[in-house]
Amino acid sequence: MLHVGVIGCGGMGRSHIDRLTNRTQGAEVVAVADMVDALVEKGAAIAGPNCKKYKSEADLINDPAVDAVFIVTPGFAHKEALLMAIKAGKRIFCEKPLCTTAEDCLEVIDAEVKSGKHLIQLGFMRRYDKGYNEVKAALDSGEYGSPLLLRCTHRNPEVPDSYTTAMAVHDTAIHEIDVTHWLVNDDFVSAQVIMPKVTKYAHTELADPQLMILQTKSGIVVEDEVFVNCKFGYDINCQVVCEDGVIEMPQPLYPTYRKNAQISQTIDTDCFVRFYGAYDEEVQNWVNEAAEGVIGGPNAWDGYLAAITADALVRAQTSGKVETITPAKEKPAFYA
């Protein structure tokens, strides 16, 4: 049994506590931590009567009863918890982003490499979605030839007024950044953002929609349409144009309805519904591998690559230019 301590008992933290407690085999949440007492109480109530309650993440990390640490705090708080958990030699699941700056990501990477152990898995759950895995298997088979162009859409019904133009990258397109990099196994070298006419539903601080264009070392182009006030649903699509065919990611299965001379089908409106199975698969995979001392999912280097790609896209939002993506260091052999 893997004894897990969860840091961060907000909405997503409680979802993961529930997932670990009620839908994951081989794991037990033995401790929770949050700066807000009420959130600690809510998290512990889900985990059960024997769950320890901490206000300090350091106390949780250094508790000898905790085998592995699950970090679900806001991104700006990740670095210190990660460094402490690495020092303690604990297995780590960290929700994305790894850190909010590329420099902090490199500091975490250096600490993990020096530890000599693969400890960190990052929460890019789309790699565990059935549809994306079917696309990945088709690409890896070689049957369709080399990928040339990927067309993605990331559409949300609406976002709050606090959502900004830059968040379209850091909170939204970040998923396509990671999953397309994983699909084609090729690093990005340039980023561009084209701003179409703004929807009437966007507030004054938000350019929406946006077309984000990434290019890889081998020349593959990724187009990602981010439209966060589309109104009609949560609409995620991925099409890969290859030399010998086209691969289209399947959609979740819902009945088709015929009524009033129309044909209709349900579209999800919530990411947690659309990727419900992917979240469960991701956590179960981490528990299985952490118990065996293995990290097979997205790692800290993947988090760094996502960070520098996102930074380039944000620069491109304001410059209107094609921005280069250049890692500050070579990929350590540790992550090979």
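Me: Are Asp 129 and Arg 274 buried or exposed?

Reply: Keep in mind that this is a predicted model. As a general idea, side chains of opposite charge can pair when their charged atoms come close. In this case Asp 129 and Arg 274 are both buried, and they form a salt bridge in which the closest N and O atoms are 3.1 Å apart. Asp 129 sits in the loop between strand E6 (120–123) and helix H6 (130–141), while Arg 274 belongs to helix H8 (residues 271–274), so the bridge ties together parts that are 145 residues apart in sequence.

Me: How many salt bridges does the structure hold, and which residue meets Lys 79 in one?

Reply: The structure holds 19 salt bridges. Lys 79 meets Glu 107 through their side chains, at 3.1 Å from N to O. This pair links distant parts of the chain, with Lys 79 in helix H4 (residues 78–88) and Glu 107 in helix H5 (residues 102–115), 28 residues apart. Lys 79 is buried, with a relative accessible area of 17%, whereas Glu 107 is partly exposed, at 37%.

Me: Which residue forms a salt bridge with Glu 158, and is Glu 158 buried or exposed?

Reply: Glu 158 forms a salt bridge with Lys 231, and their closest N and O atoms are 3.4 Å apart. Glu 158 lies in the loop between strand E7 (147–155) and helix H7 (167–184), and Lys 231 in the loop between strand E10 (221–227) and strand E11 (235–242), so parts 73 residues apart in sequence are tied together. Glu 158 counts as exposed because its relative accessibility is 53%, on a scale where exposed means over 50%, while Lys 231, at 39%, is partly exposed. Salt bridges can also share partners, and in this way Asp 18, Arg 19, Arg 23 and Asp 280 are joined into one network.

Me: How many bridges join strand E9 to E10, and how many residues of E9 are buried?

Reply: E9 and E10 run antiparallel and are joined by 6 bridges, with Ile 213 standing opposite Glu 223 in E10. Strand E8 (residues 188–194) is also antiparallel to E9, and 6 bridges join those two strands. Strand E9 (residues 210–216) is mostly covered, as 5 of its 7 residues are buried. In the hairpin of E9 and E10, which has 4 residues between the strands, Gly 219 takes a positive phi near 105°.

Me: Where is Thr 216, and what does Thr 216 touch?

Reply: Thr 216 is in strand E9, where Phe 188 stands opposite it. Thr 216 is buried, with a relative accessible area of 2%. Leaving aside residues up to four places away in sequence, Thr 216 touches Val 184, Asp 186, Asp 187, Phe 188 and Val 189.

Me: How many disulfides does a search of the whole structure find?

Reply: A disulfide is a covalent bond between the sulfur atoms of two cysteines. The search of the whole structure finds 0 disulfides. For Cys 152 the nearest cysteine sulfur is that of Cys 238, 4.1 Å away, and because a disulfide needs sulfur atoms within 2.5 Å, Cys 152 is in none. Cys 152 counts as buried, at 3% relative accessibility. Cys 242 is in no disulfide either, the nearest cysteine sulfur being that of Cys 238, 10 Å away, and Cys 242 is buried at 7%.

Terms used. Residues are numbered from 1 along each chain as its sequence is written. This is a predicted model: local features need pLDDT of at least 70, side-chain atom pairs count only at pLDDT 80 or more; totals for chains, interfaces and linings use all residues. Side-chain values use heavy atoms; hydrogens and water are left out. A salt bridge is a side-chain nitrogen of Lys or Arg within 4 Å of a carboxyl oxygen of Asp or Glu. Buried means under 20% relative accessible area, exposed over 50%, partly exposed in between (1.4 Å probe, protein chains only). Two strands pair if DSSP finds at least two bridges between them. Contact means heavy atoms within 4.5 Å.
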